[in-house]
Every structure is written in structure tokens, then in C-alpha cells.
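Keep the structure open while reading.

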Amino acid sequence: MTYILNRIKVKYISSLKNIELKELQLLLKKGKERKKNCLFIIEGERELQKAIKANYIIRKIYIEEGSYTYLKEIIKEDPLTPIVSIKREVFKKITRRSGSEKILALVKSKTHNLDDLKLSDNSLLLVIEAPEKPGNIGAIFRTAVASKMDAIIVANPKTDFYNPNSIRSSLGSIFLIQTALASSKEIISFLNKNSFNIGAAVISKDSINYDSFDYKTPCAIVLGAENSGLDNCWLELNNQKLIIPMAEEIDSLNLSVSAGILMYEARRKNIAFENNSII
């Protein structure tokens with residue numbers, strides 16, 4: 001069934017058995033489906049607005065019936081985007097946030113190649129190798145945007161980039177920063193080719209305190225997974241190993257916390273913030 005809302009044709013779905021909704025649920029649950037179709041789902045108005053700001057292509061918008069106020073600003077951006085209204089009880093069953101959000105969007109994935117990064121001689125990058133927890137990944141992206149990093153490179157990714165939990169924990173910040181996905185060896189070659197100063201978080205006899213490093217740009221900060229650390233190919237490089245001092249009772253920090261400390265230290269030593277606002 002379809003109807004007209006403010007001159008816009010709106011499709012209405014009332015059954016959970018609808019094929020379109022089943023496909024939507026697959027994209028929410030399965031990384032393989034997202035990769036195969038080059039599509040993913042955004043849940044939440046704030047996250048969707050950030051994706052639009054970052055020029056993502058919105059294929060379709062789904063709203064809980066009656067929640068038309070969510071469409072006002074989005075329709076301004078692209079009045080031709082198809083709109084689907086879903087029966088309230090059905091919408092609550094397909095969302096992951098227990099009904100706290102009233103809007104979903106079907107979005108086209110972007111490519112994330114190293115050569116697509118637009119960098120300068122003053123660039124600050126974060127490289128994270130094999131991160132697994134979507135919550136950690138989202139938190140890292142949120143902090144990277146807040147600290148005004150130029151890009152994030154994910155080495156040997158184990159988690160689908162467009163995992164809904166990563167998007168949610170980043171509050172949509174995952175869309176606002178340049179991102180590349182590649183193998184560790186490809187990234188090392190890229191960094192060396194572009195003469196990056198590399199600081200790698202490693203517990204080693206020759207590690208220095210993180211605040212003693214100069215972070216001279218172009219600079220890449222490299223961190224590994226919490227349980228396994230960095231691959232040997234990073235340890236074999238002639239780069240500076242960094243350590244964050246900790247109390248003896250603690251042998252490691254959460255990956256997103258470590259990344260946040262290093263990113264803000266790098267930014268502090270390079271560029272004074274124009275203001276203290278978070279993007």
C-alpha cells in the first residue's frame with residue numbers, strides 16, 4: 001500500500017513477513033550480506049544526518065508509522081529518496097534499540113582504499129590492527145573525530161566496517177573521518193613510501209613513555225589488538241615504540257582508551273585547538 005505525504009509517495013508495510021523487511025534484517029545481522037550487496041543499515045536520526053553530511057548515498061528510508069517529523073531535514077537533502085512507513089509493532093521488532101529510534105536507512109557502502117586517502121605533510125593518522133569489538137571500534141572513531149585526526153587505517157580487519165554496533169557506539173562519527181582498510185604489509189609500505197614518522201604502542205625494553213615522543217608530522221600512531229598486540233612485521237620496523245605508564249596491578253588498557261590517550265597527545269604536540277567543541 002502507498003499514500004501521499006506532503007507530495008511525497010510513501011509505501012506502507014504492516015507485516016513482519018514482508019520480503020523487503022526480511023532483507024533488511026539480514027543486512028542488520030550479517031556482515032557477509034552487507035559486503036555482498038555493498039549496502040548497510042543506519043539506525044537513528046543523528047547517525048543518519050552524519051552519513052548525509054559525509055555524502056553517503058541513501059537508497060531508502062524506513063520510519064515507524066507516525067514518526068514523520070524525522071523526515072523533515074532529511075527530505076531537504078534528497079526529496080527523491082524512497083520512504084517506507086512501517087507499522088509500529090513491526091518496526092519495534094526489526095530495530096536493535098528497543099524502539100528508542102524511529103528511523104532506519106538503507107545506505108550504499110563506500111570503498112576504503114589506501115590510495116583514496118587525501119593527506120598532507122602535516123597529517124596525523126591512527127592505525128589499528130585487527131580490532132574485533134565493534135564497541136571499541138566505534139569509541140575509537142568517535143575520539144578520532146573529536147581529536148581531529150586526519151584518517152584512520154584499519155589493518156587486517158576482523159570485524160565488518162559497517163557493523164551496526166560500531167556505528168552506534170561511534171554515534172555516527174565513523175562516517176566523518178577518512179578510513180582505509182588494508183593488510184599490515186600494505187599499510188607499512190604506504191607509510192614508508194610517504195615518509196611517515198611511526199610510533200607504535202608496544203611493551204618493550206626499548207619503549208619510551210608516550211609523552212616523550214615528538215609526533216612529528218606526517219605521523220602514524222599504531223596500536224594492536226588487546227589480546228595479541230601488533231604483528232611481528234610492525235616490530236621489525238625501525239620505528240619508535242611507545243608505552244603508556246600504568247600501575248603495577250594493571251598490565252593493559254582498553255584499546256579505545258589507549259588510542260584516545262595517544263591521539264590527544266599527538267594533537268597536543270602539533271596543533272592547538274581552535275575551540276573545545278566536539279564534532
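**Salt bridges and their surroundings**

A network of salt bridges links Lys 11, Glu 20 and Lys 60. The model is a predicted one. How exposed are the two partners? Lys 11 is partly exposed, at a relative accessible area of 31%. Glu 20 counts as buried, because its relative accessibility is 14% and the cut-off for buried is under 20%.

Glu 20 has another polar partner. The side chain of Tyr 62 makes a polar contact with the side chain of Glu 20, at 2.7 Å. Tyr 62 lies in strand β4. Its relative accessibility is 2%, so Tyr 62 counts as buried. What does Tyr 62 touch? Leaving out residues up to four places away in sequence, its contacts include Leu 24, Val 84, Ile 86 and Phe 91. Ile 103, Leu 104 and Leu 106 are also among them.

Glu 64 sits in strand β4 (residues 58-64), while Lys 102 lies in the loop between α5 (88-94) and β6 (103-108), so the pair ties together parts that are 38 residues apart in sequence. Are Lys 102 and Glu 64 buried or exposed? Both are buried.

Now move to helix α10. Tyr 62 and Lys 269 are 45 Å apart in space, C-alpha to C-alpha, and 207 residues apart in sequence. In α10 (residues 255-270), Arg 268 and Glu 265 are three residues apart, which means about one helical turn separates them. These two form a salt bridge, with the closest N and O atoms 2.8 Å apart. Arg 268 is exposed, with a relative accessible area of 57%. Glu 265 counts as buried, at 8% relative accessibility.

Does the length of α10 agree or disagree with what its residue count predicts? At 1.5 Å a residue, its 16 residues should span 22 Å. The end C-alpha atoms of α10 are 23 Å apart, which agrees. Buried residues of α10 include Leu 255, Ala 259, Leu 262, Met 263 and Ala 266. What covers the buried residues of α10? The cover includes β7 (124-129), α6 (134-146), β10 (197-201) and β12 (219-223).

Step back to the whole chain. It has ten helices and 13 strands. A search of the whole structure finds ten salt bridges. The C-alpha trace spans about 70 × 35 × 35 Å along its principal axes. Of the 279 residues, 50% are buried. Take the contacts between residues at least 6 apart in sequence: 78% of them join residues at least 24 apart. The chain exposes about 14700 Å², and carbon and sulfur atoms supply 48% of that.

How far can the coordinates be trusted? The chain averages a pLDDT of 90, and 90% of the residues score at least 70. Over residues 272-279, the pLDDT is below 50. Beyond near neighbours in sequence, that stretch has ten contacts in the model. Where pLDDT is low, the predicted coordinates should not be read in detail.

How values were computed. Residues are numbered from 1 along each chain as its sequence is written. This is a predicted model: local features need pLDDT of at least 70, side-chain atom pairs count only at pLDDT 80 or more; totals for chains, interfaces and linings use all residues. Side-chain values use heavy atoms; hydrogens and water are left out. A salt bridge is a side-chain nitrogen of Lys or Arg within 4 Å of a carboxyl oxygen of Asp or Glu. Buried means under 20% relative accessible area, exposed over 50%, partly exposed in between (1.4 Å probe, protein chains only). Helices (H or I, at least four residues) and strands (E, at least two) are DSSP runs, numbered from the N terminus. The expected span of a helix is 1.5 Å times one less than its number of residues. Contact means heavy atoms within 4.5 Å. pLDDT is the predictor's confidence in each residue, from 0 to 100. Accessible areas come from the Shrake-Rupley method with a 1.4 Å probe; for residues, only the protein chains shown count as cover. A polar contact is a pair of N or O atoms within 3.5 Å; within protein, one must be able to donate a hydrogen and the other to accept it, and residues adjacent in sequence count only if both atoms are side-chain atoms.
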